[in-house]
Amino acid sequence: MACDVSISTVSRALTGQKGVRENVRQKIFQAARNAGYPLPNTIQGARIAVLASKAAMTDYSRTQFTWHVLEGLKSAAALREIDISLVPLPDPEESHAPLIDALDGEDFLGVLLLTIDDGQVMQRIHESGKAAVLINGDDPLMRISSVSPCNRSATRMACDYLIGLGHKNIGFVMRPGRPTIRRRLEGWRDALSEHGLPYPDENVISVEDWTPECAERAIGERLDKGMLPMTALLCAADSLALGALAALAARQIDCPKEISIMGIDNLPISDLLTPRLTTMHIPARELGEAAVEMLIELSTRGQRVVRRTELACRLIERDSTASARHTAAPARERRRRQPDRRLG
């Protein structure tokens with residue numbers, strides 16, 4: 001026998017019975033696959049561990065992106081009669097006990113990693129041999145397969161749209177940090193470079209957090225100092241676009257007549273704002289669905305090659321963008337307008 005175990009152990013492993021170590025079970029299944037042995041249906045009644053970072057759980061309560069991803073996960077798992085166990089992970093410097101418990105659980109079909117960039121976590125999962133898929137992120141060392149939005153092309157398409165409206169000076173509002181957001185920044189640069197337009201560092205407006213209040217404060221400070229000459233702002237998330245709209249409204253600056261504002265996410269609130277927010281739709285629910293299907297494939301057929309899967313995003317045109325004016329309102333004029341502090 002290729003796995004050097006007894007026939008009874010093979011039988012217990014293939015029929016899903018207890019008493020077989022997970023690493024041995026995986027070796028038996030891999031040997032069976034290699035031999036072309038017809039495997040039983042081990043999916044029904046299994047469980048998937050969804051390991052969620054603190055960033056994902058914070059987002060869950062703020063903007064509902066994580067909520068939509070989890071809804072897609074639950075829907076796809078329910079169709080296969082698979083249970084989902086959400087496991088919030090602590091910060092990297094804290095105990096990895098929740099991760100270890102998920103990896104040691106014999107009844108787990110595999111693990112999904114939601115908004116996780118921690119290399120140590122990826123290495124532990126890679127070494128465990130568990131089937132795993134990253135959601136809304138990817139492994140720079142290509143140890144684990146992943147599914148994410150096509151972040152770079154999303155901002156590229158957004159900028160192409162704004163440029164098509166005549167905007168030549170487009171700012172980018174973001175919170176630095178995650179690789180996914182860096183790719184959105186790269187897409188902004190790609191589009192402006194392709195059209196021969198400037199993209200100086202000062203046109204990148206960094207915020208401390210993904211809240212509307214942080215964006216309103218950062219943009220408001222620039223407006224008050226006369227340092228916002230852009231005719232359009234592309235925000236790396238709808239939550240930041242909400243703050244941008246608030247900063248303009250507080251200073252009686254018309255959107256989109258004077259400054260166009262655009263977001264990324266297409267969260268439900270974006271259609272309820274005044275003006276209604278033009279944005280890029282991120283297929284959050286589809287991310288969850290695709291991740292479950294990918295994990296099932298990995299757990300039943302094995303990892304033939306690690307791959308990155310990116311889902312396309314699309315433009316949602318609403319009311320917060322318009323053709324660029326030939327001359328924007330002078331910075332000194334904007335600075336003179338007395339702000340009406342609404343969120344501060």
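**Notebook: a sheet, its helices and some salt bridges**

I began with helix 10 (residues 238–250), which lies across strand 6, strand 8, strand 9 and strand 10 and runs at about 160 degrees to strand 9. A reminder to myself: this is a predicted model.

Next I looked up the sheet under that helix's strands. I found an open sheet of 6 strands in the order 7-6-8-9-10-12, with mixed pairing. Its edge strands are strand 7 (204–206) and strand 12, each pairing on one side only. From one strand to the next, I noted a twist that averages 20 degrees.

Then I checked one pairing in detail. Strand 9 and strand 10 pair in the parallel sense, over 4 bridges. Which residue in strand 10 is the bridge partner of Asp 265? I found His 281 there.

I went back to the helices for another entry. Helix 9 (residues 212–224) lies across strand 6 (170–174), strand 7 and strand 8 (232–235). Relative to strand 7, helix 9 runs at about 125 degrees.

On to charges. How many salt bridges does the structure hold? I have 16 in my notes, and I followed up a few of them.

The pair I opened with was Arg 80 and Glu 293, whose side chains meet in a salt bridge at 3.0 Å, N to O. This pair links distant parts of the chain, 213 residues apart: Arg 80 sits in the loop between helix 4 (65–79) and strand 2 (83–88), and Glu 293 in helix 11 (residues 284–301).

Asp 160 and Arg 156 gave me a local case. Their closest N and O atoms are 3.2 Å apart in a salt bridge. Both lie in helix 7 (residues 151–164), 4 residues apart, which is about one turn of the helix. I have Asp 160 as partly exposed at 28% relative accessibility, and Arg 156 as partly exposed with a relative accessible area of 27%.

My last stop was Asp 319 and Arg 276, which meet through their side chains in a salt bridge (3.3 Å, N to O). They are 43 residues apart, with Asp 319 in the loop between strand 12 (314–316) and helix 12 (331–336), and Arg 276 in the loop between strand 9 (260–265) and strand 10 (278–281). Asp 319 is partly exposed at 37%, as is Arg 276 at 32%. I also noted that a network of salt bridges links Asp 271, Arg 276, Arg 318 and Asp 319.

Terms used: Residues numbered from 1 in each chain as written. Predicted model: local features only at pLDDT ≥ 70, side-chain atom pairs only at ≥ 80, totals over all residues. Heavy atoms only, no water. Salt bridge = Lys/Arg side-chain N within 4 Å of Asp/Glu carboxyl O. Helix = DSSP H or I, 4+ residues; strand = E, 2+ residues; numbered from the N terminus. Buried < 20%, exposed > 50% of the residue type's maximum accessible area, 1.4 Å probe, protein only. Pairing = 2+ DSSP bridges. Axes fitted to C-alpha atoms, helices over the stretch in contact; angles between N-to-C directions. Contact = heavy atoms within 4.5 Å.
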